[in-house]
Amino acid sequence: MPDTVLAFEEPSYSLKLAYGQKGKVFKFKTIKTTHKAKEKNTDLEFEKQPENDKYFSKNEYSFRGNYSLEYVPEPLLTKLRISNDGELEVLGNIDEGYYSFDVVAVDYGPNSITILKARSKIYMFIDNIAACNSDTSKFIRAFSKHYITEETKLITAVPGTESSGQCIFSITHQFPFGVGADFFTIDKKSGAVHVKNPIDRETYSFEDMEEPSVYLRLKIHCPPMDTVPATQPLHLSDVDNIVYDPTTTLVQLVIVDTNDNVPVFSDKHIIVGYPVLDVANTIIPKHLLQVKATDKDAGKHGKIQYSLRGDDANDFIINSETGIIYCMSLVDDSTANKTFEVVAKDNDGKSDGSESTMTITVKYLTFSDVVRVSVQFSSTEDPAAIESQLSEISGVRVMSLTNDVVNTFTDGQWRAERLLTVYGVNNTDGSVVSASELEKNLEHNAKVLGIMKLYNTNSDGETSTVMSLVYTAMFFLMLSMVAVGLLYFGYVKNGRYLSCISSPSTTPLKDDIENMSQSNWITTFNRTNLTSNRVRFPGNINSETVPCRSKITDNATVIVENSLYEAIPPKGTAVLAVNNNSSIVKLDSKVSFEDDLIKLEKMDEAFSPTDDLSFNY
């Protein structure tokens, strides 16, 4: 099926007209074309057909429709007209400037039913260049960029432009504009721009600019005007839309920074606190404080490096980039004070940089000087903002040693809180405010959720350690007493310890005659109960008769000399006999064995030292 299209010769048009030009200024032309696909060449073999077998034949038709203008700016509504044959006509004077609008063509298709429509963009620029008699009276560039150093004057910021004597130059617009912005003057004949008053880059006008600059719009007037219009304010939004106009140019003058400012601290002297040894071990402070100096200069001139100096500076260290100060040593004396200076030097800390100082006095804090405060958490508030709010609430300067965000479960739900360990310094005399006074000043405020005093948990720990040692010693003492009692009753009193005695003597009980208990029975072996009323029998069990070495007196107790544990006869009857003058006298004695001891009843007979005794069983 044939495809008919309507199109302008150009997708867009740029029209440059002189100010005051009227009448027909341009004629638009459209083309109506019908495209029809050709049939395949049936005489060719299939594989020899062209790659694109649908190519078109083109037939052009004359345009019989009409033209119209759309999106015409309001100032041009009564000053522009377009005829049915496409001629654009200017009906009145159009102010200098840049304008854009659309031209639309409408026609019927070949079947007289289909409506065809085409559109093109028109860019119109009105100036008075045509009134100038010389081609040299114009700006070559629509925009130019220059650099000038701040605080300088009587220099040429923008070089001049060649011009005929029939034209003059002026500054029509400027940014910044207003009081204190009268920086430049222009040579009306050459267009050269000179610095009249020094420019301070750090003034309010340039604060929010990424690249502090002055913008000027220069204009050439041909023929010369009797009165040059006053300079008007330039809006920065116009900088982003620059259209070439031979009679105007936009100039950007970038202000180059110099190191004409020194770093500035908000305070010249501050008093801060830091915990003594036991307090520091309890709360673990992050750092002493963070200092910050500001410098209005830009770039390297405004980059600050920090350092410390003074007699006590060696006890502290500072991060040269961030200004955070850390303690290098702790003290136990809460009455001690330390003082040092913080030095801020710009130009990245180089020797030619400017510097300023701040004095810091450190007072040491005890548990009676600090409190732990929980406040409502907000992601938009930093620790410095919280300290400022607490200072306003309490009436003293509040500073924090620790700052953490914690989660608490309250009223059946979780919430985030900011937990700080803080202290206060009196704004009048710089003294440290007691924890009780600080707590009193902070309580009953909606911002503060809770306040808790801190105590010396280390001393309680030491007391607990001592008591634990005492209790341990008492326990082991009681255990030792029990062990000694068991040893006495289990081994000593009943004689069991004898099995543990190792002696090279052939008569192990030889030296125990003084240690036998005075008793009718041999029931114990007690070395502390000495007596001589006993007789020892120096033979072995079942031994032959041996001479008696001592007189056996009445009521004496006879014992066997050898080790009782090695010579225990089985329970039964034993015979004790005396060989007196070749006459053996059998002694009736009752023998019993109990607890591994031999027990003999006492004997009434008396023996001489020469008597031989034998003990058989």
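The model is predicted, and local features need pLDDT of at least 70, side-chain atom pairs count only at pLDDT 80 or more, and totals for chains, interfaces and linings use all residues. Residues are numbered from 1 along each chain as its sequence is written, and side-chain values use heavy atoms, with hydrogens and water left out.

Strand S8 (residues 87-90) runs antiparallel to strand S3 (residues 23-27), to which four bridges join it, two strands being paired if DSSP finds at least two bridges between them. Within this pairing, glutamate 87 of S8 stands opposite lysine 27. Three bridges also join S8 to the antiparallel strand S7 (residues 80-82), where valine 90 is the bridge partner of leucine 80. The hairpin of S7 and S8 has four residues between the strands, and glycine 86 takes a positive phi near 95 degrees there.

Further along, five strands in the order S11-S18-S16-S13-S17 form an open sheet with mixed pairing. Because S11 (143-149) and S17 (232-233) stand at the edges with a single partner strand each, one side of each is left without a neighbour in the sheet. Strands S13 (residues 168-175) and S16 (residues 213-221) run antiparallel and are joined by seven bridges, with phenylalanine 169 opposite isoleucine 220 in S16.

How values were computed:
Helix = DSSP H or I, 4+ residues; strand = E, 2+ residues; numbered from the N terminus.
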